[in-house]
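Hi,

Here is the model I said I would pass on.

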Amino acid sequence: MKTLFRGGTVVTAEGMYKTDLLTDGEKIAAIGSGLPSDGADVKDVSGLLLLPGAIDAHTHLECVCSGIATSDDYFTGTRAAACGGTTTVIDYLLQEKGEPLTQTLEKRVPMAAKKAAVDFAFHIGVSDLSTPELLSSVKDAVSAGVSSFKAYMVYDFGLSDEVLYGLLKETAKVGALVTVHAENRGMLAARVKEYLAQGKTDPWYHYESRNEEVSAAATRSVIALAKAANAPLYIVHLTDRDSALAVTQARDEGLPVFAETCPQYLNFTCEVYRGPRAQDYVCSPAIKGLESQTALWAALLRGDISTVATDHCPFTQKQKDYGIRLPDGRAGDFTTIPNGCDGVETLYPYMLTQANLGRIPFERVVSVCAGNPAKLFGLSDRKGALRPGLDADIAVFDPRTDGVVRARDLHGNLDHTIWENTALHGRVTAVYLRGAPVYHNGTFVGQEGAGQYQRCRPVEPDGPLFA
Ligand SMILES: [Zn+2]
C-alpha cells in the first residue's frame, strides 16, 4: 500500500521543508515536491508537520519494581506511546542475579512481541557480573541485539564502582554503551536514615534525601570511571545543574559522554513535593530546584543533553499512597512510595508544545526525541528520521490547535497523570508505524502484537556518533 502525504512540512534534524512524502509498504519511498499520486492513498496534510515517530529510549513496562508491578503492560504502555507519536520504545530489563544477560533478553522478547503496539528494543540493567561467564554474556547480548547496559549506582541490585568499572571496560571492547543511573549511594543512605530518625517522612524528604548534591557527586564520579576505562558513557535522566556542567566539561574534553533528561525534570521543580498529591511525583532521581531546571534547558539547547526520554514507570494513585499507608496497614513514608511517573504518551506533545512556544527549535526536538536515540542505540539504519529507505514511522502534528492534558484522554492503564492540566500548543493528529496507521484523532487504531523486536546494532566507537 502506498500513501502520499501532500503539502505538509517535513521536519528533520537539519531543517523543515514544505514537501510531499510517499510511503510504500513499510518504508518511506520518496520525499520531494509534486510527487505523482498514482495508486497511492492521498492525504492532504497542508498546514501540518510530519515528524519521524519518537523513540522513547527509557521505559519500564510490565516491570516489577521493589515488588510492586507498574500499571502498564507491553500492550497498554505501547498503545499510549502510539497515541503520543512514539513508534519505538527502548525498554529496560533487569538481570536476575546469576542469570546470563542473553537469558534476561530471551525471557522478555516473546512477552513483548505478543503485546506491543509499537516497535521495541531493550537495554539490560546489570546486577551480577561475578563470574567470567556472566561477564562474557555481555558480548553475547550484543550479538542478540542489545547495545546498551544499565548500571545503577544505588539500590540493592546496584553495582559497586569496581564492578561498574569492569562493565565499562567490557562494553568498550564489545561495542556497547553503559547507561547509568547516577546517584551517590552512601550520601543517599545517610540522608534517608537521618530524616527518618527525625520523623520526617513526607514526600518532601524524597527530594531532600536525593537532592542536587547526591546526583552531582555520582555524575562526576562515573564520568571519571568512564574516562579511566576509555569507554563511552550515557547518563540517564540527568536532573541537576552540576551534573549538566560535568557533562559539558567532559564533552569539551572530547570524551564520548552523553546525557538524557526527561520532560518531568524540564517542566516541574521540587516544589511539587510540597504540593497536593506530592507522592504522585515521586520518581528517582527526584525533581530538582528551579536553578537545575534552567540549567537542563540550557544544556539541551547547546547540545550537551543528547536525548529526552520519559522514564515511563507508572503506578496507580493507590500504589502511590503506600507512602501514607502500606497494604499491610503499617504507616508508610517517602521511602515506601513506588518510584516512577507516567510520560510515554505526553513526550512528543510536551516537547512539540515547547517548540511551538519558541523555546526550542522543532528540528532539535526531532534530534533529541528521535534522531539521537536512534544513533546512540544502533537503530539509525531504520528509524529516527524521515528519509527514503527508512521505516515509515511518522507522527503528524497540527501546530494550530491548543488543548490540555487530561488523564481520561490518555491511552495507558493509569488513573491519573502528573501532566493533568498541562497546556498543549498543537497536537498529534495521526501516527503511522511502518506505514500502518496506529492513531487517528484521539483513537488508537493499531494492533496488539503489531510491534516488532528491533535489534540494536553495536556501538561504533569511530562511527558518526562520536565524531
Ligand atoms: Zn528508569
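Leaving aside neighbours within four places in sequence, which residues is cysteine 369 in contact with? They are Ala54, Val308, Leu347, Tyr348 and Met351, where contact is C-beta atoms, placed from the backbone, within 7 Å.

Some housekeeping before the rest. This is a predicted model, in which local features need pLDDT of at least 70, side-chain atom pairs count only at pLDDT 80 or more, and totals for chains, interfaces and linings use all residues. Residues are numbered from 1 along each chain as its sequence is written.

Now the domains. The chain splits into domain 1 (2–51 + 383–444) and domain 2 (53–381), with bounds that come from an automatic or database domain assignment. Their C-alpha centres are 27 Å apart. Domain 1 brings 38 residues to the contact and domain 2 brings 47. On the domain 1 side, strand 5 (49–52), strand 16 (394–404), strand 17 (423–433) and strand 18 (436–440) each give two or more residues, and strand 17 gives the most, with seven. Helices (H or I, at least four residues) and strands (E, at least two) are DSSP runs, numbered from the N terminus.

Cysteine 369 turns up again in the largest nonpolar core, which has 146 residues; Leu50, Val178, Leu233 and Cys369 have the most contacts inside it. By nonpolar core I mean a set of buried Ala, Val, Leu, Ile, Met, Phe, Trp, Tyr and Cys residues joined through C-beta atoms within 7 Å. Buried means 20 or more other C-beta atoms within 10 Å of a residue's own, with C-beta atoms placed from the backbone. Helix 7 gives the most to this core, with nine residues. Both domain 1 and domain 2 contribute residues, so the core lies between them.

There is also an open sheet of eight strands, in the order 6-9-10-11-12-13-14-15 and with parallel pairing (two strands pair if DSSP finds at least two bridges between them). Strand 6 (54–59) and strand 15 (307–308) are its edges, each pairing on one side only. Strand 9 (residues 86–94) and strand 10 (residues 119–125) run parallel, joined by seven bridges, and isoleucine 90 stands opposite alanine 121 in strand 10.

Last, helix 8 (residues 241–252). Its buried residues are Arg241, Ser243, Ala244, Ala246, Val247 and Ala250, and these pack against helix 7 (212–229), strand 13 (233–235), strand 14 (257–261) and helix 10 (290–302). After helix 8 comes glycine 254, with a positive phi near 90 degrees.

Cheers

How values were computed
Buried ≥ 20, exposed ≤ 12 C-beta atoms within 10 Å, placed from the backbone. Contact = placed C-beta atoms within 7 Å.
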